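Have a look at the sequence and the fold, and then we can go through the details.

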Amino acid sequence: MFLHPTQLLFVFGILMSILLTITVNSWFITWVGMEVSLLSFIPLIFQKNNKYSVESALKYFLIQAVASSIIIFSISLDSYKAMFFILLSLLLKTGSAPFHQWVPSVIQGMSWVVSGLFLTVQKINPLVLISFLSSFSFWGSLICVFVVSSALVGSVGGLVQTSLRKILAFSSISHLSWMLSAMLLANWSWLAYFFVYSLILFSVIYLFYESSLVSLNQIFVKMNPNFNFLASITMLSLGGLPPFTGFIPKWLVLQYLVQSNFLLLCFVLLLGTFVSLFFYCRVFVLNLIYFTFKHNFAFGSKFYIFLILVVNLIGLLLFPWLFI
């Protein structure tokens, strides 16, 4: 699960790029920070030493280079057009639909550890900048288009996938729609959503990494009741099913949207969530029912089992307070 010591330098470069991006008020310096993050992340992709990692690294570099070129190009335009092209390039960097086609193919060639970084840490820089731009009311309609498209594409796209990495990629696109909708409210609630999502996602990735899983077919073959119980909890929490932890940030965002009269947006987000829950439930709930009746269930003594349960079940303690 842990990175090789020689790769810690690249992780440090990514963290420094995030610090640089969020602490300066110059667009050029933020652009430099995003490029440092790009150049630090590409060597990590080669951790999975096969031909697919080379393809993923090349695709990722080309997409990010195109987005960065658009940002540089926008400098020569007037302020309104410049902000428009910068916003589009940042949405391209995050993989928001309809700029999402590159995300599933890129993640397919990554290891589980790098996939987690790709779906979380690498999105911090553009999301922070998007949240800044979304504070201007005239970009609200454009962001709503990406919210609706990401919610629908992220939920429907995962229905036909058998690769676990691609399923998590489409799940990330769906969750991105919730973060973007939270940015419309001109507050930092998206940060709370992003933090909870990252914790749940890494608990899912840790399970898949420990079990050496890459596709849905392997899950049906794996005869381990402990894994099926934990996988059911983590995936349902990732889908936002109450009363698991993943439901808490969704409920908070929904409250803010209803108070701001974004009712149609709430409907689209909930519709996408229900569809996403279907392709989570179709695998893990059936496995859970089957294996709990066929095997004697017992927990292992490993610390990661306890940590995964805490992350995904802490919502049981917070759930009653949401309705007070």
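Which side chain does asparagine 125 join in a polar contact of 3.5 Å? The partner is threonine 21, side chain to side chain. A polar contact here is a pair of N or O atoms within 3.5 Å; within protein, one must be able to donate a hydrogen and the other to accept it, and residues adjacent in sequence count only if both atoms are side-chain atoms.

Before going further, some ground rules. This is a predicted model, where local features need pLDDT of at least 70 and side-chain atom pairs count only at pLDDT 80 or more, while totals for chains, interfaces and linings use all residues. Residues are numbered from 1 along each chain as its sequence is written, and side-chain values use heavy atoms, with hydrogens and water left out.

**The chain as a whole**

The chain has 16 helices and zero strands; these are DSSP runs numbered from the N terminus (helices are H or I, at least four residues; strands are E, at least two). Of its 324 residues, 53% count as buried, where buried means under 20% relative accessible area, exposed over 50%, and partly exposed in between (1.4 Å probe, protein chains only). Among contacts (heavy atoms within 4.5 Å) with a separation of 6 or more, 77% are between residues 24 or more positions apart.

As for confidence, pLDDT (the predictor's confidence in each residue, from 0 to 100) averages 84 over the chain, and 86% of the residues score at least 70. The stretch to treat with care is residues 292–301, where pLDDT stays under 50 and the model has 13 contacts beyond four places in sequence. Where pLDDT is low, the predicted coordinates should not be read in detail.

**Around α7**

Back to asparagine 125, which sits in helix α7 (residues 124–133). It counts as buried because its relative accessibility is 3%. Leaving aside neighbours within four places in sequence, asparagine 125 touches Ser17, Ile18, Thr21, Gly33, Met34 and Ser37.

Its helix is largely enclosed by the rest of the structure, because eight of the 10 residues of α7 are buried. The buried residues of α7 pack against α1, α2, α4 (79–94), α9 (164–183) and α10 (189–211).

The search uses a 1 Å grid over the protein atoms alone: a cavity is a set of points where a 1.4 Å probe fits but cannot get out, and a pocket is an open set with protein on both sides within 12 Å along at least five of seven lines; lining residues have an atom within 4 Å of a point. Grid points are joined across faces, edges and corners, and a volume is the space filled by probe spheres set on the points.

The largest pocket holds about 240 Å³. Two or more of its lining residues come from each of α1 (8–23), α2 (27–45) and α7, with α7 giving the largest share, three residues. Thr21, the polar partner above, is one of the lining residues, and so are Trp27 and Trp188.

Asn125 is among its lining residues, along with Met34, Tyr60 and Lys93. Here α2 gives the largest share, three residues.

Most residues other than glycine have a negative phi, and most peptide bonds are trans. These are the exceptions to look up:

| Site | Feature | Angle |
|---|---|---|
| Alanine 97 to proline 98 | cis peptide bond | omega about 10 degrees |
| Proline 242 to proline 243 | cis peptide bond | omega near 5 degrees |
| Serine 212 | positive phi | phi about 55 degrees |
| Asparagine 261 | positive phi | phi near 65 degrees |

Proline 98 is in the loop between α4 and α5 (102–107), and proline 243 is in the loop between α12 (225–239) and α13. Serine 212 lies between α10 and α11 (216–221) and is exposed, at 56% relative accessible area.

At 63% relative accessibility asparagine 261 is exposed, whereas serine 260 is partly exposed at 36%. A polar atom of the serine 260 side chain lies 3.0 Å from the backbone oxygen of tyrosine 256.
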